[in-house]
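Student: I have a structure open and would like to go through it. Can we take it piece by piece?

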Amino acid sequence: MKAQRTKEMAAALYYVLIMLVMPFYFENRYFNLTMAKARFLWIVGGILFLAMAACCIPGMAAMIFQQRQTVIAGESWKQKQEKSFTMLDVSILLFLCSAICSGFATKTPAESFWGSGGWSMGILTIGILAALYFTISRNISFGRYMVRAAMLSSSILYVMGILNSFHIDVFGMHRGIANDFYTYISTIGNVNWYVGYLSILFPMGCLLYLNCREYWAKRLLFLYVNLGFYNVIICKSDGIILGLAASFFVVGLYIIHYRECLADFLKLLISFSVVTGVVSLIMKFYHGQFIKIDGIFRFVMQKNLWMVCGSIALLVLCFQRSGVWKKRGFKFTMAKTRQSFLFCALFIVIALVVLFYEISVFQDSWGTGRGRLWICTFNLFANFQWKYKLFGCGCDCFGIACLSKYFSHLGGIYLNAHNEFLQYLVTMGVFGLISYSMIWISAGRMFFLKKGKSVRDWMLFSGIMGYLGQSIVNNPQAFNYAVLFLVLALFRKSITVR
C-alpha cells in the first residue's frame with residue numbers, strides 16, 4: 001500500500017513538472033531550446049521512472065518467492081495481467097522496438113540514440129516516454145490539480161503569445177534573433193511546435209467549457225478559450241486548422257450525444273468571430289509592430305468570413321432561445337447513433353473532397369515548400385536498401401540522410417520531413433510507420449468501443465485527435481511528445497475504467 005502511494009505521488013509530480021514547469025524551461029534562449037526540453041525530460045522522467053520502478057521491486061520479489069502461491073492462482077493472475085494489457089500498450093511497445101531496431105540498422109548510432117541529428121527525438125527520448133507511459137497509465141490518480149495545472153500553464157503561454165504578437169519579449173528570448181518574432185513564440189519555440197501544443201490543449205479546454213455548469217468556473221473557462229482563440233489566429237501556421245478540424249470531429253460527436261451543449265458551442269463560434277474581428281481591427285488601425293497574419297486566417301479576415309460565421313451562429317442561438325424551436329416541433333427524432341454515423345460519414349466525405357483537391361494542386365511549392373520536401377522524402381525512401389526500408393536510416397536522423405542527397409534541390413536545411421508519418425517511414429522504416437499508425441488506430445478503437453464514455457474520455461480523445469490532425473504537416477519534438485504521451489497515458493487510464 002505504501003509503495004503504491006509512493007508511485008501515485010511520483011506520477012502526480014511528473015504530471016505537474018511536465019505541464020507546469022517544462023513549458024517554461026529553456027537554456028541559452030532559442031538556440032538549443034529543443035535540446036533543453038529534451039534534457040529536462042531525460043533527467044526528470046528518468047529519475048521518477050527509476051523511483052517508481054524501485055517501488056515495484058519488493059512486491060515483485062514477494063510474488064516470486066511466495067511459497068503458498070498455487071498453480072491455479074498463478075494462472076488466474078496471468079489472465080488478469082493479460083486483460084490489463086491493451087492494444088494501445090502494444091502499439092507503444094512496438095513503436096519503441098521500432099526505434100531501437102532503427103538504431104541497430106543506422107550508420108550513425110550515436111545520433112540515432114541521442115537524436116542529435118534532429119530535434120532530440122532519438123531512442124533515448126522515445127524510450128523514456130514509453131517507459132513513463134506504462135508507469136503513469138497504471139499509477140496516476142485523477143484529481144482536479146490536473147485541470148488546474150494544465151490551465152494555469154497554458155493560460156500563461158497564451159498571454160505570452162498575445163504579447164509576442166505585439167513584439168513584446170517577456171523573457172528576452174529574442175535577443176540576437178530580433179527579426180524572428182513571427183517564427184518563435186514564447187518559451188515553446190518554433191511556431192510548428194506551438195501548434196502541436198495548442199492542438200492538444202485547446203480542444204480539451206473547449207470541451208471542458210461545454211461540460212462545465214458552475215457559474216464562475218464556466219466564465220473563467222470562457223475567458224481561457226478566448227485567449228486560446230487569439231493564439232490560434234496569430235500562430236501563423238495552417239497546421240492548426242488541421243488540428244482543429246480533427247478535434248472538431250470529436251466535439252461534433254459530443255454535441256450530438258449531449259445536445260444541451262449546442263448553445264454553448266454557438267457561443268464559442270460567436271466569441272471566435274469577435275476575437276477574429278478584434279485581431280482584424282488591430283491589424284488595420286494599430287500603428288506599432290504587430291504580427292502579420294497569413295494563410296487561411298488572412299483569407300478569413302480579408303473576406304470578412306468571421307462576420308458571416310458569427311452572424312449565423314448568433315441567429316441560430318436566438319432562434320433556439322426564442323422558444324420557436326420547441327413550439328414548431330423542431331426535434332431530433334433520429335436516434336443518436338444514426339446521427340453519429342451520419343456526422344462521421346459527412347466528415348469523411350468533406351475530408352476526402354479536401355484531400356483530392358489538395359492532391360490535384362500538389363506541387364513543389366505546396367505548403368510553403370512542403371511539397372518539394374515530401375517528394376524528396378518519398379524518393380529517399382524508394383532508393384533505400386531493403387534494410388533501411390524495413391528499419392529506417394536511424395531514429396531522428398532524417399536530416400543526415402536527406403541532406404546528403406537533396407540539399408541542393410531543397411535549397412535549405414531540413415531536419416524533419418514535416419509530416420510525422422513520412423518522418424517515421426524514413427527514420428524507422430515500414431515497422432516504424434506501422435507501429436506509429438497503430439497508436440492512433442488503437443486509441444480510436446478503444447474510444448469508440450467503450451460504452452458509457454465519461455467527459456474525461458471525450459476531452460482526452462479530442463486532444464489526441466487534435467495532435468493527429470496537425471501531425472500531417474508538422475514534426476515531432478520532445479516537449480510536445482511529453483505532453484502527448486502523458487495524455488495517452490491518462491486516456492488509457494480513463495478508457496479502461498468501467
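**Working through the model**

Tutor: Start with Thr-86, which sits in the loop between α3 (71-83) and α4 (87-105). Helices (H or I, at least four residues) and strands (E, at least two) are DSSP runs, numbered from the N terminus. This is a predicted model, where local features need pLDDT of at least 70, side-chain atom pairs count only at pLDDT 80 or more, and totals for chains, interfaces and linings use all residues. Residues are numbered from 1 along each chain as its sequence is written, and side-chain values use heavy atoms, with hydrogens and water left out.

Student: Is Thr-86 buried or exposed?

Tutor: Thr-86 counts as buried because its relative accessibility is 11%. Buried means under 20% relative accessible area, exposed over 50%, and partly exposed in between (1.4 Å probe, protein chains only).

Student: What does Thr-86 touch?

Tutor: Leaving out residues up to four places away in sequence, Thr-86 touches Tyr-133, Met-446, Arg-492 and Thr-496. Contact means heavy atoms within 4.5 Å.

Student: Which residues have the most contacts inside the largest nonpolar core?

Tutor: Those are Tyr-14 and Phe-491, in a core of 125 residues. Helix α8 (residues 191-211) gives the largest share of this core, 15 residues. A nonpolar core is a set of buried Ala, Val, Leu, Ile, Met, Phe, Trp, Tyr and Cys residues joined through side-chain atoms within 4.5 Å.

Student: And what is Phe-491 in contact with?

Tutor: Beyond its neighbours within four places in sequence, the contacts of Phe-491 include Leu-88, Met-446, Phe-447 and Ile-464. Met-446 is also touched by Thr-86.

Student: New topic. Which residues of α13 are buried?

Tutor: Trp-306, Gly-310, Ala-313 and Leu-317 are the buried ones. They lie on the same side of α13 because they cover an arc of only 70° around the axis, taken from the directions from the helix axis to the C-beta atoms.

Student: What covers them?

Tutor: The cover includes α11 (262-285) and α12 (296-302). On the face turned away from the buried side, α13 carries the exposed residues Ile-312 and Leu-315.

Student: How many residues does α13 have?

Tutor: Helix α13 (residues 305-321) has 17 residues and reaches 24 Å from its first C-alpha to its last, close to the 24 Å expected at 1.5 Å a residue. The expected span is 1.5 Å times one less than the number of residues.

Student: How many helices and strands are there in the protein?

Tutor: There are 21 helices and two strands. Of the 498 residues, 51% count as buried.
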